[in-house]
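Visitor: Could you walk me through some backbone and packing details, one question at a time?

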Amino acid sequence: MSHLLSILLFLPALGAVAVLAARGRDAVRWTALGTTLLALLISLLLLIRFDYHAPGLYGYAPNHGVVQLVERTAWIPAFNVDYLVGIDGLSLPLVILTAFIFAVAAIASWKIEKMPRGYFALLLFLETGILGVFLSLDFFLFYVFFEISLFPMYFLIGIWGGPRREYAAIKFFLYTLVGSIAMLIALIAVYLTTHSFDMIELPALLAAKTAAGQPLAQVGPVLFALLMFAFLIKVPAVPLHTWLPDAHVEAPTPISMVLAALLLKMGGYGIFRVAYPFFPEAAKHLWLLVAVIGVASILYGGLCAMAQTDFKRLVAYSSVSHMGFVTLGAAMMTVASINGAIFIMIAHGITSAMMFFIVGVAQDRAEHRDIAHFGGLATTMPRFWGLATVGFLASLGLPGLCGFIGEILVLLGSFQAARSDSILLGGGFALRGSIYVISLLATVGILLTAAYLLWTMQRVFFGPERPENKQFREIDQRETTVLASLASMAILLGVLPTIFVFSMTSKSVEALLNLFQNPAPATQLINADKSASPVAD
Amino acid sequence: MPSPALLLLAATLLPLAAFVLLLFLGKRIGNPLSGWLATLFIAASFVCSIAAMVAWFQADPGHYQGSEWGKGYGPIDITFRFLPVGVGSQPNGISQDHPGYLDLGLYIDSLTIAMFAMITLVATLVHIFSVGYMRQDARYHRFFAFLSLFSFSMLGLTLGGTLLHIFIFWELVGLCSYLLIGFWYDAPAAANAALKAFLVNRVGDVGFLIGLGILFYHMGNATLPDLWTYLGSAGSGQTVQLPGGIEFKTAWLTVMGIGLFFGAIGKSAQFPLQVWLPDAMEAPTPVSALIHAATMVAAGVYLVARIYPILTPSAKLFIAIVGLITLTLGALIATVQNDIKRLLAYSTISQLGYMMLALGIGSWVGGMFHLMTHAFFKSLLFLAAGSVIHAADHEQEMTQFGGLWRKIPMTAVTFGIAVLTIAGIPDFSAAASKSMILADAGAFATLAQQQGRSAAYALFFIVPTVVAYLTAFYMARCWMLTFWGKPRNQELYDGASESPILWGPLCVLAFLSMVSGRYLNVEPLLESSIRESAAVCHDMQAQDDFFKGREEFTGFRRVWPTDSSDDTAEPLADFVAAGEQMESKWGYWAFLIGGAAAALLYCRGYAFTRWLDRMPPARWIRHWLENGMYFDELYFAVIVGTTLGISRLCAWLDRRLIDGIVNRFAAAVRAAARLAGRTDRYVFDGAVNGLGALVQDLGAAVRVPQTGRVRVYVTILMFAVMLALAAAVIVALSHSPG
């Protein structure tokens with residue numbers, strides 16, 4: 001199966017077309033579900049085809065940088081744009097996560113009443129868009145998919161959302177678009193300098209140009225800042241996060257799940273795939289800014305979450321807080337912290353999907369989201385409570401569940417950055433004191449998370465059963481399936497993180513850190529001055 | 001006989017199997033069968049632990065010669081690869097098992113064997129008790145599921161061979177505590193207590209993580225023996241040299257030690273994080289007996305015992321002071337409590353303070369010995385209290401008790417045995433452990449005096465001794481008010497009764513409380529543990545060239561307050577003897593004096609209290625103590641209030657300021673768009689339209705003469721011709737000669 005990735009990529013789009021052609025609500029839903037399940041199956045096939053011992057993507061020496069299952073065809077030859085897709089240890093877990101979450105979201109969307117055909121078609125187009133972001137290795141193609149994924153989301157929020165859906169949709173769209181424009185500027189600059197969009201070669205080419213003293217050396221930090229601006233909006237990082245609460249609150253439940261689980265990861269993925277490899281020197285110089293943004297997201301997001309009375313808004317802010325760990329992990333540049341950051345992306349994908357679904361169930365029963373008016377649900381809906389407990393505990397980072405692994409690695413990784421041989425300290429980019437302060441503040445963050453999550457669980461589930469809530473039906477089979485599958489993934493990832501994630505990511509992380517530790521040797525790159533590169537795939 | 005490692009692993013996993021079984025099939029299995037099933041599993045776990053102990057004693061003579069009891073079965077150290085932290089993080093090559101990874105691990109020595117036996121035994125008895133106690137409960141099977149999960153977590157913690165492993169199970173134990181305290185979750189008090197317990201523990205965990213982080217970045221991946229071997233010289237107060245030229249400065253060692261200890265402060269309810277334990281009494285009483293007396297709260301002490309060799313003298317002093325404050329605080333507050341469970345909770349806090357004090361002053365064996373004996377007599381006290389509460393139809397206030405010895409005699413007798421034990425009656429278990437602590441405290445104080453340190457060091461002996469009297473006093477008071485005298489609530493008294501399933505475990509525990517001091521080999525096992533660990537470290541030192549020329553491992557030796565490294569082998573024998581003398585002089589009769597005082601003062605029930613209340617100072621002190629010295633109120637106002645306030649500020653900021661900027665930006669763009677629209681309409685388009693108007697006007701102006709009336713045209717023509725003729729005449733005349 002040579003074109004596995006392209007099949008995976010375009011299958012949902014074909015499914016969308018099939019959905020548009022289908023007759024009748026049932027046909028629509030089953031076609032959509034079938035497509036997502038088929039995509040999931042194919043992504044699992046990728047697990048089998050993946051070579052776990054191959055080194056990761058980046059590096060400078062020839063024959064480094066192994067990307068697997070690559071497919072390359074010329075697309076716009078005049079500008080050196082190829083259709084180039086491939087996977088490595090960074091994108092594979094995210095691809096599988098995408099397929100899994102969309103399957104779960106399809107099940108969660110079963111009860112959509114309004115225009116189901118349009119809904120499911122848009123959902124499937126969205127899946128193609130997101131998969132495209134994770135699979136593409138041509139910068140132009142990456143940008144295209146990055147933008148494409150915005151449209152279905154805009155419509156999905158704007159048509160099927162809550163009372164303020166138009167405001168939330170346009171805010172989401174324009175805010176992230178502003179970021180994309182920043183990325184576009186960087187894209188053009190990169191092309192003008194290197195005449196290539198090939199993300200496999202670009203780190204080496206850019207490093208060569210920087211070493212050769214071209215204008216890029218001065219402009220590099222600016223371009224890095226532009227790229228980070230684009231991705232930090234998506235992550236979302238404080239203070240660029242305010243689109244998220246509104247988008248999440250107004251979006252329908254399955255769309256919130258996809259938004260939290262996947263769209264936010266596009267930002268994190270962009271940091272590790274684009275911003276950091278292309279401009280490692282700038283990244284090292286600006287680490288403190290990124291770290292401060294990360295810690296601010298953790299603490300500020302947690303504090304805002306604590307003050308919310310709307311259940312969904314609270315979960316939205318908790319997403320901001322968790323993704324702060326990703327930003328922090330990226331900034332600290334140690335093996336542990338980057339592995340942790342990637343793991344958090346996967347783990348948060350699962351836990352946030354679960355949390356939003358929990359909110360969705362509660363909202364469905366009560367017709368409101370006001371935490372103060374819930375209460376006693378553990379008595380009314382015990383099975384719901386049991387599964388919800390797994391969600392809450394995974395979200396707050398209890399060992400044995402997925403949230404813990406990422407958090408502990410990021411925290412230990414931040415401390416690890418204080419070693420004399422770390423990238424930050426060893427290269428003289430940081431003072432030990434600042435690393436300690438950052439690590440300390442991040443550690444306090446776990447206390448906040450536990451506080452607001454358990455307090456919320458108490459307000460919603462514990463206490464005497466309320467008379468107005470007595471009528472709530474227990475979760476049915478469909479809802480149990482969604483929650484149970486997410487819960488089992490949370491447990492599996494928490495107990496066997498190496499098998500499920502780290503076996504794929506460790507090599508990529510090492511390769512990425514190699515870029516930071518070894519400045520590009522000028523001699524090896526003399527050939528790289530031309531657009532052809534010595535880089536193999 | 002299978003290896004102890006396998007047996008202990010089986011012992012750990014059996015309760016987990018029970019949990020999974022009861023989680024999914026509990027409802028179907030029903031009440032009471034699910035309880036008996038859980039009991040079966042934990043009893044099997046106990047059997048495995050005892051089998052492991054037997055195997056431990058019987059093994060062929062092997063590597064380690066140090067122990068008489070653990071003959072030849074040296075400590076077992078196994079690691080499992082877990083989290084990737086990079087090859088580059090370990091240039092010093094500590095712990096070669098899985099380079100580049102943080103490991104989970106098992107470490108089994110005599111201490112582990114002893115802990116397993118104790119935990120599984122107490123757990124089995126509590127399970128049996130719960131079958132009777134929880135019989136009426138609707139969620140009976142869920143209770144046993146959680147109890148099983150807790151047993152698994154606690155045993156997993158005890159097996160832990162790396163600090164990460166311990167931390168993981170540490171949190172799991174906290175989770176089980178949360179679930180069990182909040183078991184009756186429809187009661188807001190229980191839900192609040194559970195939340196409080198978890199969050200206060202998390203505060204401690206923040207410290208734990210900081211300690212872990214500091215340790216991690218110096219040492220990378222390290223099992224417990226690695227820590228002891230490489231950091232064992234921390235106890236002498238000097239900077240530690242690690243392979244690879246890395247220095248671990250004393251200041252950082254102290255911070256790390258205190259950080260790790262902070263986790264223990266949270267878990268073991270030491271000052272200042274003791275506030276969660278009294279509220280945790282909302283849990284069903286068997287839970288209080290198992291978790292909040294015998295095991296979970298002991299986990300903090302266990303952690304300190306395991307990290308003992310890597311603590312600097314400053315860290316140990318800190319621990320000792322915290323222990324000192326805690327034991328006083330707990331005893332003082334317990335003296336005036338009227339809720340029997342709260343009284344026992346504060347008593348637990350006090351006893352845990354004793355254990356921490358012991359570890360801080362260097363009495364490793366004393367502290368752990370007391371942990372073991374305490375497990376037995378405290379769980380006995382709680383279960384007996386449970387029997388009382390059950391008999392009293394869930395009343396917990398001693399003001400309603402009185403004279404119950406006639407109605408529930410077995411409970412009264414076993415409770416009495418426990419009271420005598422905790423008071424320190426000679427030959428019962430607690431006397432042995434407590435006298436060891438006091439003796440060591442005396443030795444510590446004497447040595448400090450010898451070295452010319454501040455006189456305040458004498459407090460380390462005086463205070464625990466005085467509190468020993470107080471302990472005897474308040475426990476005897478408890479017994480008197482509950483069981484003696486006239487019944488204060490006749491209805492309650494009439495309805496009181498006890499059943500064998502409740503007092504059966506009590507008798508077993510009473511027996512254990514009596515004998516575990518001398519006859520269960522606890523002390524030899526503990527001393528053997530020290531020798532085994534030291535042997536492991538010596539072996540590691542022998543194998544690693546790094547240690548050539550460095551001092552031998554002495555980490556478990558009692559380290560007294562020294563600021564020089566001149567503590568040679570055992571100069572302490574004299575001081576130990578002096579300490580024992582002090583203890584036998586001052587502390588031996590504490591049980592009699594304290595107990596008799598309480599018996600006298602409270603033989604008429606609350607009469608004494610009422611007499612005391614007539615004096616305002618006594619009343620104020622009583623209120624202050626009864627409310628736990630108002631710590632809860634202080635913390636709520638300062639910490640919770642502040643945090644909630646800040647969080648509301650942040651949310652407001654987010655909505656008004658940050659989002660306000662975004663919205664205002666959008667509004668500005670919209671205003672600019674309107675401006676552009678108006679500019680377009682009025683200026684540009686206006687210009688275009690204006691031009692058109694101008695052309696039109698011009699045309700209109702030019703069009704004016706075209707009236708279409710012939711007479712006008714003729715008139716104009718006539719005038720034009722006349723003008724032309726005139727012009728011609730004038731021109732002709734001007735050109736004529738003249």
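Guide: Helices (H or I, at least four residues) and strands (E, at least two) are DSSP runs numbered from the N terminus. This is a predicted model, in which local features need pLDDT of at least 70 and side-chain atom pairs pLDDT 80 or more, while totals for chains, interfaces and linings use all residues. Residues are numbered from 1 along each chain as written, chains are lettered from A and ligands numbered from 1 in the order written, and side-chain values use heavy atoms, without hydrogens or water.

Visitor: Is Met115(A), which has a positive phi although it is not a glycine, buried, partly exposed or exposed?

Guide: Most residues other than glycine have a negative phi. Met115(A), in the loop between α3 (91-108) and α4 (116-135) of chain A, has a phi of about 45 degrees. Buried means under 20% relative accessible area and exposed over 50%, with partly exposed in between (1.4 Å probe, protein chains only). With a relative accessible area of 47%, Met115(A) therefore counts as partly exposed.

Visitor: Is Met333(A) buried or exposed?

Guide: Met333(A), another residue that is not a glycine, has a positive phi of about 55 degrees. Met333(A) lies in the loop between α14 (311-332) and α15 (335-366) of chain A. Because its relative accessibility is 1%, Met333(A) counts as buried.

Visitor: At roughly what angle do the axes of α7(A) and α25(B) cross?

Guide: The axes, lines fitted to C-alpha atoms over the stretch in contact, with angles from 0 to 180 degrees between N-to-C directions, belong to α7 (residues 165-194) of chain A and α25(B), and come within 12 Å. The two helices are therefore roughly perpendicular (a label for 65 to 115 degrees), and the angle is roughly 85 degrees.

Visitor: Which residues of α25(B) meet α7(A)?

Guide: Contact means heavy atoms within 4.5 Å. The residues of this contact divide into three nonpolar, one polar and two charged, where Ala, Val, Leu, Ile, Met, Phe, Trp, Tyr, Cys and Pro count as nonpolar, Asp, Glu, Lys and Arg as charged, and the others as polar. From α7(A) come Tyr167(A), Lys171(A) and Tyr175(A), and these meet, in α25(B), Asp659(B), Val662(B) and Asn663(B).

Key:
Angles under 35 degrees count as roughly parallel, over 145 as roughly antiparallel, 65 to 115 as roughly perpendicular and the rest as oblique.
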